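I opened the notebook to look up a few local features of this chain, and I begin with the sequence and the structure themselves.

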Amino acid sequence: MASVGGTVQQYQIDIDPNRLRSYGLPLGTVVRAVMASNSNVGGNVVSQNGSWSIVRGLGLIGTLDDIRNIVVASHNGTPVFVKDLGTVQIGDAFGRLRW
């Protein structure tokens, strides 16, 4: 819960185990694909015309469709997307109670 009231929003992926089984995929494969698609990666410096530019890759997810269209694997030569395995939505983060 946010200390000023309200809840914290998060992206949620609800995987259907029957769909996962139909493609012969373990849940860990989905987790790894989503994590890899949301990684910041290092880069290098490019020197051109006397100026230097720093290049790096930002893999931050911005929309629900970004998550839905992550390729998890291929099945018979066809890509399997997150959207093929379940639903993606924005929901409330679980609250944590302290005793």
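I looked up G43 and found this residue in strand β2, residues 41-48, where strands are DSSP runs of E with at least two residues, helices are runs of H or I with at least four, and both are numbered from the N terminus. G43 is exposed at a relative accessible area of 57%, with exposed meaning over 50%, buried under 20% and partly exposed in between, for a 1.4 Å probe and protein chains only. From G43 to V55 I read a C-alpha to C-alpha distance of 5.1 Å, although 12 residues separate the two in sequence.

I note that the model is predicted, so that local features need pLDDT of at least 70 and side-chain atom pairs count only at pLDDT 80 or more, while totals for chains, interfaces and linings use all residues. Residues are numbered from 1 along each chain as its sequence is written, and side-chain values use heavy atoms, with hydrogens and water left out.

Next I turned to N76, which lies in the loop between β4 (71-75) and β5 (78-81). N76 has a positive phi of about 55° without being a glycine, whereas most residues other than glycine have a negative phi. N76 is also exposed, with a relative accessible area of 73%.

Last, I checked F81 and found K83 over the face of its ring, 5.1 Å from the ring centre; the rule asks for NZ of Lys or CZ of Arg within 6 Å of the ring centre and within 35 degrees of the ring normal.
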